[in-house]
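Hi there,

Here is the structure I promised to pass on. Have a look, and then read my notes below.

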Amino acid sequence: MSASAANSPEQASNSTGALLEVRGVAKRFGSTYVLKNISLNIAPGEFLTLLGESGSGKTTLLRLIAGFEQPTSGEIWMGGERLDTLPPYKRRVNTVFQQYALFPHLSVRDNVAYGLRVKNTPAAEIGGRVDEALRMVKMQDFAGARPSKLSGGQQQRVALARALINRPQLLLLDEPLSALDANLRMQMRSELKSLQREIGITFLFVTHDQEEAMALSDRIALLRNGALEQVASPREIYAHPATAYTAQFIGQTNLLRGEILRGIATCGVLRWPLEEADGPATFSLRPEAIRLCPDGKRQITEVKFRGTVRQQLYGGATELLEIECGAGQFLRVRLPASGPMTGENEFIFSIADAVRVQE
Amino acid sequence: MYSRAYKSLVSVPPLLWVALFLLLPYALMFAHSFWAVHEGVIVHHWNLENYKTLFSMPLYAEVLFRTMRIAASVTICSILLGYPLAYFLSFHARARKELLYQLVIVPLWVSYLVRGYAWKTILGSDGVLNGFLQYFHVTHEPVAFLLYSPFAVVLMLTHIYTPFVFLPIYAALEHIPRPLVEASHDLGANSFQTFFRVILPLSMPGLLAGATFAFLLTLGDFLAPLLVGGPSGTMIANVVQSLFGAAFDWPLGAAISVFILVLTISLLFLSELLEKRWVYK
Amino acid sequence: MSATSPTRRAPFLALYSILVFAFIYLPIVVLIVYSFNRGGVGGFPPRQLTLNWYVQLFADGAIWDSVLNSLIVATASVVLSLTLGLLAALALDRAAFPGKPLFRRLVLLPLILPGIITGLSLLMFAVFAGVQLSLITVFLGHGTALISVATTELFAGLQKMDRAQEEASLDLGATPWQTFWRVTLPNLKLSLIAAGLLIFTLSMDEIAVTFFLIGRDNTLPLEIWGRLRRGITPEINAISTLIFAVSVALIVIWYHVRTRSLGTQAQELIEPP
């Protein structure tokens, strides 16, 4: 990294120490802008997830970095050098495709060796590296098999080995777990995470599953309609969502819509002091932030309210209650499971947990 | 779901037809090949003379080898023309792909005779091509070998069979999932390497089907030589045709026909075997 | 998002493709141009344009007789091949019987076998059966050779058909006979038309098999063939041009039928192979 920084024409390009820099990238298909002015830095060794619904542009961004599409405007830099002007086969980037894209006419061994063979790596070296790569994904017993004989999970491991053997600077993963069934997904998630920690390669992961993103990532980049909604670590994005969309997309929340007047925030029957400018305001309040208030005592930093239990969904360790706290105002509350509840109860939450979000 | 009556009803008529109009005629031809001609009449005198003649007389061997050479040339040329065209349409044509495809198909519907005749008028000493060359002073005399030569036969049949070879190759190329091509590029292979390592191997079944078709049909063609082949461009089917015509030796003609039939079936079998080996899911 | 890779520039390949297209079309273009040439079929460049050859063509009774013969044979061949081909396709799709693989190969053999073999074997059969050569033997020859075309096309159509439709029909009380006419055949409409058009075209153009089975009355290709032996005139260019025009018209009609039956939304789903 430092060597290329010394050779790079612009000192500024590496001032952030980032591995990959997306600078003002936009992509248009026909008359629609699928990506609008995206700027993003990826740090070396990090596990960054592009999260979003279908149509959000996450796959397009991935393909731009891989080289299968060209940006309409903007630039992409990697390691202090311009990336988007290079064809895919010259980039130090490898992809794990959504449907794995294993070559059906080659054995597992030949699939994994492909990247080395096309660069004329000496044959003696190839054998050892292929074995090593297969062992890393626990597929060493299947070296001679054809892809058509493998299950989905097995094919995915081979695809992973095929990409990693080339020691890319950046590994792109295009929703690799979405074709797997639930149990296998969980298992693969865990394996992917350890693998990334172990080899230290930077991962750029694309998914629409927010739970997956939270479990795996060092940072999440949430995309919405071609623009970045928020980029932060999972904990940060959960505790401090920037917008209502983010608050609702990641985890569950109660969106409280009201206004601030002369230092008091009012959302339906809920009121609390807030030193901010007058005007409409929206707040995100996570269901687990609301607790029962058996003794009725409340601190200054807390908000107390009465609510009637309308619905109780049991979930094992916790349960989700739907509370009616005012005329037509409902809140969802997550409590440790304690038995059926009825009638009116008193609830309490900290003012700090009502996070102000933009609409 | 289908009753025995239903199944009988649908199988019996075609079976009968096939037996009567395919099996029986082939059997007759087979029988004829063991008979002989005596003073202008076919006698049912069972013998192997015809096959001996076919394999020992240099005349027949020479024509047979020339036919094989022509068939091989036509196949190779058709592939050299048809494959790049199919590749271009499949991987590089965007909006106009469907239209271009139709344009390649159109000549298939145009009469074989019409296209053969066109070449006849183009290649002759007084033909269009010679006229063109002389008009622009490229040559001063008519170029002779253009017409009535094996060259003309190869040229005409390549023209006929290029679209035939194009079709299965194009179908095979279209079936290659595009992510495979992207994966190859992603792993560091340029377009050239991607073609030879991924696209070509996966298109082999289509290539094989087209090649088999072109080779076998050229092998048994007798019209092209009559149109543009001349004496030096005679093929084995012309020999058969004359044996059933002026040269009147049906048994010998039948023997050569049986030989062509056996050759065709063997090559088909071989082609099918290879195809099974090269088909990937 | 779009899943297609960008089409990279490939200028040499594009040029090569243009040359191949030229090779495929030039002879036909030359043929058409010279059908209007006063000076005959050869030489360069074509001089005075004239419609003489077309006039001569239209006055040529023998040609039009042969056209009529060809039309009759082609139509009859379509009927015969489609009927037997449909039965064969149904048999291959639904029935199991001893010798089925052999049957399948035999039915498909004439497609790949050189026409001369089919023609000669049928000639021997005709002689054996003491039948005189005529348009009827030609018709039988075409029918036999072209069953394979019908079978292939209709079999593919049957495979694509939703089996459950026939089951639903039976479930609702229709007999197998009714189901065939009300459900199976309509589903095969496209395949039937495709096969029919193809068989018609192939029959109109057929020479190799016809060569050996022809009697007194000529089909169009055989009539043209006969004249070629006598000497070539642009009149043949003229009839060839007309044949080309009709072929193209048939393709256009076929294309319209195909796209119209499937509806405008499905049009985008039509891929060539």
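A word on confidence before anything else: pLDDT is the predictor's confidence in each residue, on a scale from 0 to 100. You will need that because this is a predicted model. Chain B has an average pLDDT of 89, with 99% of the residues scoring at least 70. Within chain B, confidence is highest in helix α8 (residues 178–186), at a mean of 95, and lowest in strand β2 (residues 41–43), at 77.

Next, the contact between chains B and C. Chain B brings 77 residues to it, and chain C brings 67. On the chain C side, the elements giving two or more residues include α1 (11–34), α3 (61–94), α6 (135–160) and α12 (234–267) of chain C. The top contributor there is α1(C), with 13 residues. By type, the chain C side that touches chain B splits into 53 nonpolar, 11 polar and 3 charged residues.

One helix in chain B is worth a look on your screen. Helix α5 of chain B covers residues 112–123, which is 12 residues. From first C-alpha to last, α5(B) reaches 17 Å, close to the expected 16 Å. Is this helix mostly covered or mostly open? Mostly covered: 12 of the 12 residues of α5(B) are buried. Among them are Arg115(B) and Lys120(B), along with Tyr117(B) and Trp119(B).

Finally, chain A. This chain is divided into domain 1 (2–241) and domain 2 (252–357), and the C-alpha centres of these two domains of chain A lie 41 Å apart.

Best wishes

Terms used:
Residues numbered from 1 in each chain as written. Chains lettered and ligands numbered in written order. Predicted model: local features only at pLDDT ≥ 70, side-chain atom pairs only at ≥ 80, totals over all residues. Contact = placed C-beta atoms within 7 Å. Helix = DSSP H or I, 4+ residues; strand = E, 2+ residues; numbered from the N terminus. Nonpolar A, V, L, I, M, F, W, Y, C, P; charged D, E, K, R; others polar. Expected span 1.5 Å × (residues − 1). Buried ≥ 20, exposed ≤ 12 C-beta atoms within 10 Å, placed from the backbone. Domains from an automatic or database assignment.
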